[in-house]
Amino acid sequence: MPALVWLAKRPLPLAAIDGADPALEVALRAWAERRVDGLLPPRCVLDTPQLRLLLPEAEWLAPPSPDEPAPLGRLEALATAVAARPEAARRTLGELLHEDQRTVRFTGSALLQELVVRGPLAVERWRQLLLPTADDGVRVKELLQLCRLVESGPLPASTAGLSRRESPAPRPAPDGGDALPAAAPDVGDARAGSRAWRGIPRR
């Protein structure tokens, strides 16, 4: 089995951003407030010293060009993840994320999504927010990416003791995705503290 396997990739409504995601909430509010007459805001009105203090790990991504894909920012390390069921998706997670970037560039709409990836030792749940910006208000020039590790936990004991070839397939969750094992508090907090938003109070 490959080293990285993605179990779920699902879009979320923007209303899913709440007090549990303060950085994402700040970024989305700032982006929405700077839209005038429905036009997209330019980067210069968002990339300010004040916003950088509030969002120290925000990244600016150039949109994809016809010749080469755009960088994936903090999700670059997950680009090689393959689907748990190859018949469901024959492309890597990176290829699907590049396609999402092209969709944001074409529509000019914000995108919030959740990703679940299984590695050799742990399962991680990530959340990404992409916000398009445009110098002329219409043609997307750059994407503001905010990405955080929501949850990280060890593989279930029944899975960890098996060889990779014998690992059972993930059970479907009620929403149609794949079930995510509950994270152990000590492991999850340590991983989230080192890789998620720093400087943001944890709840």
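Predicted model: local features only at pLDDT ≥ 70, side-chain atom pairs only at ≥ 80, totals over all residues.

**Overall layout**

I began with the secondary structure of the protein chain, which comes to 5 helices and 6 strands (helices are DSSP runs of H or I with at least four residues, strands runs of E with at least two, numbered from the N terminus). Along the sequence I read the pattern β-α-α-β-β-α-β-β-β-α-α.

Residues are numbered from 1 along each chain as its sequence is written, and side-chain values use heavy atoms, with hydrogens and water left out.

**Chain totals**

I looked up burial next: 43% of the 203 residues of the protein chain count as buried (under 20% relative accessible area with a 1.4 Å probe, protein chains only). The accessible surface comes to about 10,900 Å², and 56% of that belongs to carbon and sulfur atoms (Shrake-Rupley method, 1.4 Å probe). For contacts (heavy atoms within 4.5 Å), I took the pairs at least 6 apart in sequence and found that 68% join residues at least 24 apart.

**Strand S4**

Then I turned to S4, residues 111-118. Its 8 residues are buried, 8 of 8, so the strand is largely enclosed by the rest of the structure. In a regular strand the side chains alternate between the two faces of the sheet. I checked both faces here: Leu 111, Gln 113, Leu 115 and Val 117 lie on one side, Leu 112, Glu 114, Val 116 and Arg 118 on the other, and all are buried.

Which strands does S4 pair with? I found S1 (residues 5-12), antiparallel over 7 bridges, and S5 (residues 122-133), antiparallel over 8 bridges; pairing requires at least two DSSP bridges between two strands. Lys 9 has Leu 115 of S4 as its bridge partner, and Arg 118 stands opposite Val 123 in S5. S4 and S5 form a hairpin with 3 residues between them.

**Nonpolar cores**

Last, I looked for nonpolar cores (buried Ala, Val, Leu, Ile, Met, Phe, Trp, Tyr and Cys residues joined through side-chain atoms within 4.5 Å). The largest has 24 residues, and Leu 129, Leu 131 and Leu 146 have the most contacts inside it. H1 (22-33), S2 (59-61), S4, S5 and S6 (142-154) each supply at least two residues of this core, with the largest share, 6 residues, coming from H1. I also noted a second, separate core of 16 residues, which includes Ala 83, Leu 96, Trp 126 and Leu 149.

Terms used. Buried < 20%, exposed > 50% of the residue type's maximum accessible area, 1.4 Å probe, protein only.
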